[in-house]
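Open your viewer and get ready to select a few stretches by residue number. We will go from stop to stop together.

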Amino acid sequence: MASATLRHLVDLALPKPCEFGDENFAGDPLVREFCDRLAQAHDLNLHFFVAWACPPDVTIVRSAAGSAIIRSERLDTLLIEYFNLQSVHSKWSDDLAREVTTSAVLRWMSELLIGYRHSGLALLAQRLRPPLPGLRLTSPFRDQTLASVPELERVALQCACLAHEVGHILNPRRPGVTVDESVDGLPLAAHIAWGDQACGYSEETLSALQQHWRQHLNGPALLSEVEADLFAFSSVVEFLCNALSYTLEDSIRAALRAFEAQLFVCACKNTCSLLTTSVLRGTSKGDFVIEDYLVGAQYLARARALVRRAGIVWAIAEQPDASPGTRDFNSYVRRIDSMIVAVQPFTALAAETLTHHAHMLFEQAHFLSQQRDGAWLAAEIANLENSSDLRVELFEMLVAFGCPGSVNVVEYLRSMQMSAQAL
Ligand SMILES: [Zn+2]
């Protein structure tokens, strides 16, 4: 039980009007067991809280009264929506798969933009969604959404997210490290360059991009994320294999999918945060695009570092007695690649959709704010007043966010917009 002092510190750390309570892991005893084991293994006085009516973020509080990890209730739901869509993606025709993915990514962006308190952008994102009458992509209820996923994947999804934050508590940022820092035997810079090359850019573009990220990427922050990911990946696979007796292969596959969902949701969150601040500050399109590229480059680098770690975990578990240098890592890389290939079409489409629509939203918001001198936000609200379907969609989103069932959607978004403009 967390002390009153720690609760007070948590209350101070969270943005208002955010609320919080003790995390019950949506009633899942396996996830609670995972967290208890992690705290015990690393001798941590650790407490978990769940927050609502706030951006889908994680906050960490470290103090003499213990450490606290406070996660937004919406995080698990967004992770599972991504996972569920990825699972059914290959069953649809190309056109339907593209429309459903576009609709889902824009819905997530709209929710995140409400989290960042920019209702104008959130409404624009809703307007760009392809109409898909009758198709329900989301449930406002966390427990119900979690129950839609089989045990192995459900536990992996929740534990990956929690263990990543524990990784941050165990490994604080190291000031001064750069992208030349090696992780699992490879410099971070090699992972970033790989991501650029995979995009098929010309030599000149590659060299310009490299110069840019070497100058602007925050080395200590990126390394801290990579180290938290790798700690979490190894912890989750170990728990799934040893405590829950899943096979190593199934555990690695489930953990990789959990981390992929987590990286996408985090990338989407960061892009929406950047979009909000860029529109409010009147940033140029060029500056927004290059800053958004940096967001994406970091998530690609994290994904590559995870895939490498997955191969290493597999090789060591299957050949525990092999002397260093004699393990056939390449055969494990091929096995990991075959796991990734199965879900690659959805992964690529979701990433492409996010970037494309972030740019489109930026352009539209930029254009509208110049044309209508700020009145475009009032026009979006007026459009909302005339669309009952959109009001129902947003009502469910706000309830999922932790708003009471009596919330008036139009008034809520209008008052949020006024506070954003006052910033
Ligand atoms: Zn992190």
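**Starting at a strand pair**

Select Thr59 and you will find Ile70 of S4 standing opposite. Before moving on, please note that this is a predicted model, where local features need pLDDT of at least 70, side-chain atom pairs count only at pLDDT 80 or more, and totals for chains, interfaces and linings use all residues. Residues are numbered from 1 along each chain as its sequence is written. Helices (H or I, at least four residues) and strands (E, at least two) are DSSP runs, numbered from the N terminus.

Now widen the selection to S4, residues 66-72, and S3: the two run antiparallel and are joined by 6 bridges. Two strands pair if DSSP finds at least two bridges between them.

**The whole sheet**

Next, colour the open sheet of 4 strands, which has the order S1-S2-S4-S3 and mixed pairing. S1 (19-22) and S3 (58-63) are at the edges with a single partner strand each, so one side of each has no neighbour in the sheet. On average, neighbouring strands here are turned by 25 degrees against each other, direction ignored.

Axes are lines fitted to C-alpha atoms, for helices over the stretch in contact, and angles run from 0 to 180 degrees between N-to-C directions.

**Two crossing helices**

Select H4 (residues 94-115) and H11 (residues 248-281): their axes come within 9 Å and cross at roughly 55 degrees. That makes H4 and H11 oblique to each other (under 35 degrees counts as roughly parallel, over 145 as roughly antiparallel, 65 to 115 as roughly perpendicular and the rest as oblique).

Show the side chains of Trp108, Met109, Leu112 and Leu113 in H4, which meet Cys268, Lys269, Cys272 and Thr276 in H11. Contact here means that C-beta atoms, placed from the backbone, lie within 7 Å. The residues of this contact divide into 6 nonpolar, 1 polar and 1 charged (Ala, Val, Leu, Ile, Met, Phe, Trp, Tyr, Cys and Pro count as nonpolar, Asp, Glu, Lys and Arg as charged, and the others, Gly among them, as polar).

**Two loop residues**

Most residues other than glycine have a negative phi. Go to Ala26, in the loop between S1 and helix H2 (29-41), where phi is positive, near 50 degrees. Is Ala26 exposed or partly exposed? Ala26 counts as partly exposed, because it has 19 C-beta neighbours inside 10 Å (buried is 20 or more other C-beta atoms within 10 Å, exposed is 12 or fewer, and partly exposed is in between, with C-beta atoms placed from the backbone).

Finish at Asp184, in the loop between strand S5 (182-183) and strand S6 (186-187). Asp184 has a positive phi of about 50 degrees and, with 12 C-beta neighbours inside 10 Å, counts as exposed.

Definitions and conventions:
Contact = placed C-beta atoms within 7 Å.
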